[in-house]
Every structure is written in structure tokens, then in C-alpha cells.
Amino acid sequence: MEVPEGYILIKKTEYENLLRHIGELMVRCEALEAQNQKLIKRIEELESEKNKNSRNSSKPPSSDGLKKVIKNNREKSNRKQGGQDGHKGSGLSAMDKADEIVKCRIKRTKCECGKDLQSIKILREEKHQVIDIAEVLIKVIDYLVEVKKCSCGKEHKGVCEFNGNVQYGKKLKALLTYLNVYQMLPAQRIQELFKDIFGLSIGDGTIQSGIKTCYENLENTQEEIKQSLISSALIHSDETGIRCQSSTQWIHSASNDQFTFYQMHHKRGNEGIDAMGILANYGGVCVHDRWASYDKYSNCIHALCNAHLLRDLRFLYEEENRNWAGKLISILQRANKRKQEEKLTNHFRTRISNQITNLVIKALRSEPKEKYLKIKRGRKPKSKPIRLLEVFKNRLDDILLFLYREDIPFDNNLAERDLRMIKLKQKISGCFRTKMGADVFCRIRSYISTSRKQGYNVWDAMTNAMSGNPIKFSLDY
């Protein structure tokens, strides 16, 4: 049999084996291509995570390490560091009443001219005040309880509020609580401080008993703070993770410029938020960071944190070269600056809204479509740029709500500042060993933060709480 040029003659069995081998290779190539796509996507995700920092994501500044990173979205100005021209400074002011007066006499008896100085009247006295710590920093009080015995044998004693033979007073326990809960000093360092300065040996039980008394006396105050937030026109909501009982739990916060409320729960989502009992009963404006659990509360108005949006946009602009992200950054910053200058008009608000809408529509059209991988169930995943664009498309009113109401801020920084002390506690102590310890800390810190916001001295607030008369906060809203 003559074989045409360019062809070879093989057996039928060899031909069938060759076809089967080609089919196996094609199946293997498809599998390798799918695996390659997964690896490429994973590499992109890892590179994105590597390039994230506190400036372009929600990562905390402590995770930046030794890298010099700008920690906020403020633009650099040309002003010099320190106090600016016209700034009203403050200095050390003299106290109205002195505890001790020391006369500084002239030691010389005669002037250089030979005249006797003792016969000359004092021209003036120049006051030089020194503010220092007294030698005796503690006060010991003996309560002598009068005892009388009737002829019938019954004894009668005078009334004394203290039962033990020797005990620490309320102010001292208030100071222990102040140092531990407010100044974040560990028990061992508090004990060292009292030993060095006061000469007192303080046990762990004394510190804990003072904290427990303060906690119990603030039960009604905590409920008053909660109700005040529920009735307010604006609150900020946030949450942060913390270790408690060898597991990650969550401290939820609700606050505004007058009140702060903390509560810990083992769940981050709606179960934990409902347990706090504020957002589910709230009808005002809630500022938050787009955590999906907050969106389920339709009883309140939602305002999104633009600082979080700016960080996400900056990452897309600097790391993924999305020019539309840079333009959105510019628009949001211009809107915020105009509000700070108090130059908002309806025309400006409409123009900002139209600019963002048009930019988002164009960006969605030009954004490359995702090559969806085969998944067994659930929604097909979307890329981060598309998800962020859809936030601007579907929730623009929530984003720009700060332009329409004077009391609504541009960001949710107030809530983050309120949670900063929680993270500091975690850095110092590492964790809470018991749920009760976390609840005690949250209640007392709620009281302290609210006291600070309303202009009260924290030490006075703590002594009042220890005495069973906590501050009655203003409810003027």
C-alpha cells in the first residue's frame, strides 16, 4: 500500500492508544490551567496583603513595624511644627491658697554704703511659689467606738461605718481603682508604687475588692448611659477583638461626644450587638465602618465612615493602579474640606453626588470582568475594586450623609478613639482571664470615658463612685 507524502502508516491499536493519550493530556492540561489560575489569584492576594499598611487599609499602626508610614489621611501643610502664631499658650499658674509661708529675710545687716539695714522699712515682698508634694501623703484616723454596759448586762456601742480593726479607706481604694482601670497599671506595679511612696503593703485582694465595689456602685449609672445613647440623635458603633478565657471575644462600643458604652460578648455579629441592647432599639443616625452586621438594623439611619473608604481607595490607587480610585479620593477630600470651611450649598452637594455617580458608572464599565472559577455553591466572588465601586453605587446617600447634616462627621474616628484604650489594656495585660473581669473593666471604663467627655475630673468621679454616689451625667440632648 502506497503511503502519501507527509503521512506515516501505523497500526489501528497504536492509533487508538495515541488518541487516548492525547485525551488524557488534554484533561491534564485543563486541570493544570485551572490550578494555575488559582495560584495566580492566590499570589495576587498575598501581594495585596503584603502591601497593606495602616495608611491604605484597616490594619492598626502597630502592624507597620519600623516602616515610616503616614497614619492618617491628612494632607501635609507648610506650617512649622509647634504652636502657631496667635495660639493662646498656657503656663504654670499660682495657687490661691498656700499651706505654708516661708519668710526669706535679708541676711546682711548693713549696706555697702555702711548704713544699717535693720532700721529700714520693707519696701515690698516678692512672692515665689513652689508647688510640691507633702511629706505626709496618708492620713490615719482612729475611730474610738464608745461602749457602755447596762446593769442588765447588755452592751451598747457607738455607730461606726467601719467594722474591721484595721482597714483601708474609700479614697485609698478609689486611688487603687483609678491606677488600675484608668491608668492601666498592673497590680504588681501598683503595689510597688504604694510601697515606695506611702510605705504601705497592698495585697491583690485589696485592689480587687476596691474595683468590685466601684463596679457594683455603677450598675444604675451604666443603664443610664445606655438609655442616654438610645435617646440621642447620633451614635458611633464599632467593635474590637480581645482575648478572654483563652479565646477571642469582642468588645462592642456605642458612643458619641457625651457618652460611652462598652460591653463584651463572645460573638462579633448581630448576636453580640443585640446583647448590648442599643442598636436594636435605636432610631437616630449610626456611624459605622460598613461591617455587614450593622446593615441589618433598618430602624436607624446609616452613615458610612469615609476614612475607611479613603484607605481602601488609596490601596487600589497606589497598589493596583486604579485611576478612578484617585479621583474618588480627591472628591471626598474636597467635600470634607468644604464642610470644614462651612461653605456647603445645595448646588455643591448635587455636584459632588453627580461627579461620584458618573465616575462610578464609567469605572464599572471599564473594570475587567472576573474570570470566575468553578465553585460548588454560593455566590460567585467579585474583585475588590468591583465590590468597592458597588458600595459607592448602592450606598452613596450613606456616604455623603455628612454633607447634609451638620452633626454627622466625615468619619468614625470617635468610635476608634474610644476603643483605643481597650487595645492598650490588651497590650499591657494580654487578656482577661475571666468574663467577670472583662465586664468589670467595661463598666468602669464606660463611666470614666463618659466623665471625661462631660468635663468631670476623673479622680473626683472615681471617689464619688467608690462612696456610692457616682456622678449624675447631663442628659441634655
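Eight aromatic pairs are present in the structure, which is a predicted model. A pair of aromatic rings is described by the distance of the centres and the angle of the planes. Two of the pairs are set out below.

| Ring pair | Distance of centres | Angle of planes | Class |
|---|---|---|---|
| Tyrosine 143 and phenylalanine 162 | 5.3 Å | 55 degrees | tilted |
| Phenylalanine 402 and phenylalanine 410 | 5.0 Å | 85 degrees | edge-to-face |

**Aromatic pairs**

The planes of tyrosine 143 and phenylalanine 162 stand at 55 degrees, so this pair is tilted. Tyrosine 143 belongs to the loop between helix H1 (12-50) and strand S1 (147-149), while phenylalanine 162 belongs to the loop between strand S2 (155-157) and H2; the pair therefore ties together parts that are 19 residues apart in sequence. Tyrosine 143 counts as partly exposed because its relative accessibility is 46%. Phenylalanine 162, with a relative accessibility of 26%, also counts as partly exposed.

For phenylalanine 402 and phenylalanine 410, the planes lie at 85 degrees, so the pair is edge-to-face. Both phenylalanine 402 and phenylalanine 410 are buried. Elsewhere, Tyr178, Tyr182 and Trp459 are linked by ring pairs into a cluster.

**Charges over rings**

Aromatic rings also take part in arrangements with arginine side chains. Arginine 268 places its charged end over the ring of tryptophan 291, at 3.7 Å from the ring centre. In a further case, the charged end of arginine 443 sits over the ring of tyrosine 215, 3.9 Å from its centre.

**Helix H4**

Tyrosine 215 is one of the buried residues of H4. This helix covers residues 204-217, a total of 14 residues, and spans 20 Å from its first C-alpha to its last, close to the 20 Å expected at 1.5 Å a residue. Besides Tyr215, the buried residues of H4 are Thr206, Ile207, Gly210, Ile211 and Cys214. The buried residues of H4 pack against helix H2 (170-182), helix H3 (187-197), helix H5 (219-230), helix H13 (435-453) and helix H14 (458-466).

**Nonpolar cores**

The largest nonpolar core comprises 57 residues, of which Phe194, Leu229, Ile251, Ile278, Leu279 and Ile444 touch the most other members. Leaving aside neighbours within four places in sequence, leucine 279 has contacts with Ile235, Ser237, Ile273, Cys286, Tyr294, Tyr297, Asn299 and Cys300. Another core, of 36 residues, lies apart from the largest one; among its members are Leu304, Leu364, Phe392 and Leu400.

Technical notes: Residues are numbered from 1 along each chain as its sequence is written. This is a predicted model: local features need pLDDT of at least 70, side-chain atom pairs count only at pLDDT 80 or more; totals for chains, interfaces and linings use all residues. Side-chain values use heavy atoms; hydrogens and water are left out. Helices (H or I, at least four residues) and strands (E, at least two) are DSSP runs, numbered from the N terminus. The expected span of a helix is 1.5 Å times one less than its number of residues. Buried means under 20% relative accessible area, exposed over 50%, partly exposed in between (1.4 Å probe, protein chains only). Contact means heavy atoms within 4.5 Å. Rings of Phe, Tyr and Trp (its six-membered ring) pair if their centres lie within 6.5 Å; planes under 30 degrees apart count as stacked, over 60 as edge-to-face and the rest as tilted. A charge sits over a ring if NZ of Lys or CZ of Arg is within 6 Å of the ring centre and within 35 degrees of the ring normal. A nonpolar core is a set of buried Ala, Val, Leu, Ile, Met, Phe, Trp, Tyr and Cys residues joined through side-chain atoms within 4.5 Å.
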